[in-house]
Amino acid sequence: MFLFVVLCLASIQVQITPTQGEISVGESKFFLCEVVGDAMDIDWYAPSGEKIVSSQDVFVSRTDESTSTLTIYHATVDSSGNYKCVAKSADKEAQATVQVKIFQKISFKNAPSLQEFNEGDNADIVCDVVSSPPATIFWKHKGAKIHVAKDVRFKIMENAHLQIRGIKKTDEGMYTCEARVMARGEIDFRAIKVVINVLPTIRIRQAEVNATADIGTSAMLACDADGFPEPTVTWARNNVVLETDEKYSLNEDGSELLIKDVTKVDEGDYTCMAKNKAGEKEEEVSLNVFVTPRITYLNNQTASELQEQVTLTCEASGEPTPAITWSFGPRVFTEREQASWTRPDTYESLDGNVVVRSDARVSSLTLKYVQFSDAGQYLCTARNPIGQDSKNMYLEVRYSPKIQGPVTVYTWEGNSANISCEVLAHPGASVVWFRDGQQLPSANTTNIKIYSTPTASYLEINPESQNDFGSYNCTATNVIGSESKEFLMIQAEVPSAPTVERVASFSSTAMVEFEEPDSNGGVSILRYKVDWRQPGQDWSSREFEVETGTNQIILTGLKPETAYEVKMAAVNGKGDGESSPSTAFKTKPIRYTFTREPSAPKLEAKVQKKGNALKVNWVKQDDGGTPIKHYLVRYKPKHVSDWRPEIRVPHGSDHVLLQALDWNTEYEVYVVAENQQGKSKPAIVSFRTAMQPTAIPEVGGSGLGTGAIVGILMVVFLLLLVGVDVTCYFLNKCGLLMCIAVNFCGKTGPGAKGKDIEEGKAAFTKDESKEPIVEVRTEEANPPTQDGGAPTEPSETTPLTEAEPTSPDTTSPVVNSLPTAASNSTPGASERNTAAAVQSAKSTAEASLPASAGSKDSGPAPAGATSSSTPDVGPLVDLSEGASLTAATAASEPGAKAAEPKESTGSPSTASTAQADIKVAIDDKANANDAITKEANATETKEVKEVDAVPNSTTEVKTVPNEAPVANGNESKA
């Protein structure tokens, strides 16, 4: 409402624009005062009546002569009131007033957009609103108006705040504070985000963690923290926060603490702390550190028998405190003897000799009366829940000799036996044997020997008469004392008779069960002799080896439905014992039909020496009327269900050998006999293989080093080369040995042998009939003597004489003898002997050659003439050892005459056994050189002979197919 007072004085009028004067707090507004008429001054006056002077908040300005402006900046409540504009002109004055009202718009003085509370608190959501007139406040949650009447947890306070009692995480979200001024229709709001923080909670994964010290292990402590916002986790020990370093390691969120290289000092409580805006929470984790037992003190001891007591002391460390126990060999001290660390009392053994005392980490074992049997290794063992530690100590007991060993020894005359005197002594003892006060062996005894080892002495006696049986004394002595013992050698007897308990008979076999003899005669029984027969017939015998644990034998090959009687005798080293009374039994008849399967065989299993192999023997029983086709064998370890692959054994076999079995395993084997009608019931046998032997490492290793092995290989290689060279020398006249013989010993080589032989002429013929090569050998019938009439053996220098012309009915053969060296023979003697030998050999050879080996021309051929019908001549091969005549030499000089034999001026050499090989070779190959062939046809056919003439010799003719001529490596080449 505006009130305008206008004073009109004469001609001056004043008007204020705007006429309404409402201003909102904080706003600025100006008022214009317009004067109608002449006015010298225009002034504004505040509600207090004072003239307004321009200031920061109120400013007055005159724009021209007739107007003045009042500006109110940032109006406050104090700015309200009546403002007056006065215009003056000389004696004239006019004024106008305007009432200025200041009002407060809706203003959110204190309404934070994010307000946080802890879960469970009474939350006061602040929203302070300033307005005039005061505004009405409304609250909304997630767009819905809050009705406090429906939820008693909600309440609008007098100051318009929203209170939520026991606020929850579900109360979190956006809230709206809305203000309304109904008089002005004004409305405004503020959005407030309410966040509920949750106090951390800690979950310990393991309240107590155990670790072992001093073994380089680590321990992990872990706790998981929840809350909002996500809490920060830290670890502390003794109020000191732990950080990552050489000892500790934390993961990214701090929930896991790793303690490295745990030691005993790390034991204790560790605090896991979780902290966020809502607060802080702590939990503790305990680390228990255990120490593996370790024996810290245990020393060897020495004592003398029956002279003093000895105490063994064992100390051990560990956490928890370990319990200490003692053991000696297989004996572990019983509860009465063994004290517990929790009960540090004293306990004695039943005999009062062993006393054990234990206190905390120390235990002692006292032997009141030391005996020689107490010597040895004692084991001290310290145990706790973490582990154990053991150490040995050695108790050395000095004692006088103790003689052991069997007192009686049985043997018989002629059978050596050993009396064993086993001596236990420390220090070691010397042993002496006596008989009748005389030390053995004596000069009069030749059948007694003594063998000694560090712990025993053996008296070997070969009884020659009854006098050798009797008492023998063994005396052992050391620095502590001595002991003697009498041993008896007794004459052994044959064993008594075994007792036949029962005979289980079948159709063709019988199982005899027996009891062992009451007396074995003093020596072990080696075998049993079993005799059986049909009544009134001769006895059949068989011996069975003794098998440990088996008191039965099986007789086979019996006749069905037949009466028998059986007796047994035991055999030891002395001889056969008495036979048992005969026991009668009768085999069963064979009951079979056409549909009957065989009976199960009888099984017997023997573990072989290897220990993991088994030989299963079986005895055929009733075959059911048809022959057994085969046996089926299956086996398996008892602890498994699957059988090994079936083995099919031929019907004639009576055993199977199972090898490569598992060690120390129980097996079962079944064997089934099968005929045409089917299979028998299985025969089953069980057995256990031996324990696997422990491999003993070689001591000292191999006796040969690498150098020795290389040397041996080189020697073997050289010997092999020498062998090859010697073989080449004798067979092919070549090699290193032949070279040495030629160059240093003057021996003629194979290539030079032709120089010492007078050149002969080889006839080369070719038979178109391609008949086989005929080899004619003359063998000595009566060996020549050293008398003057006997021909001598040609030497290497004996020349060959040209043969006489061939007979009309034969083709000229090439005859080569095997020249042999005659020692101490002169060239002259060799020539005379060779000439005589050639003549004799020629006549013998010509008379022995068959007509079929000659030329096709039946007419005589004069010497030196060439027949037109003579077949093409090819080169012949000289197969004799050492021959080196070439084809050119054999075919040269067609008209040459044979060299005359020279007279010998020396004495003839001693004649040796001679053998002339006359070889007639007819080459069937057609590739002979034409020039050589023509020259050979024009040349008189000659014979080149080198023969040791042997009177009364026989001729051997061998036919060798010419398709495969034999080559000895020395043949001439055309």
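These questions and answers concern the cysteines of a predicted model.

The model is predicted, so local features need pLDDT of at least 70 and side-chain atom pairs count only at pLDDT 80 or more, while totals for chains, interfaces and linings use all residues. Residues are numbered from 1 along each chain as its sequence is written, and side-chain values use heavy atoms, with hydrogens and water left out.

Me: What makes Cys33 and Cys85 a disulfide?
Reply: A disulfide is a pair of cysteine sulfur atoms within 2.5 Å. The sulfur atoms of Cys33 and Cys85 are 1.8 Å apart, so the pair meets that definition. The structure holds five disulfides.

Me: Why is the disulfide of Cys33 and Cys85 called left-handed?
Reply: The torsion about its S-S bond is about -90°, so the disulfide is left-handed. Cys33 lies in strand β3 (residues 29–36) and Cys85 in strand β7 (residues 81–89), so the pair ties together parts 52 residues apart in sequence. Strands are DSSP runs (E, at least two residues), numbered from the N terminus.

Me: How do you know that Cys223 is buried?
Reply: Buried means under 20% relative accessible area, exposed over 50%, and partly exposed in between (1.4 Å probe, protein chains only). Cys223 has a relative accessible area of 0%, so Cys223 is buried.

Me: Why is Cys734 called partly exposed?
Reply: The relative accessible area of Cys734 is 32%, which lies between the two cut-offs.

Terms used. Helices (H or I, at least four residues) and strands (E, at least two) are DSSP runs, numbered from the N terminus.
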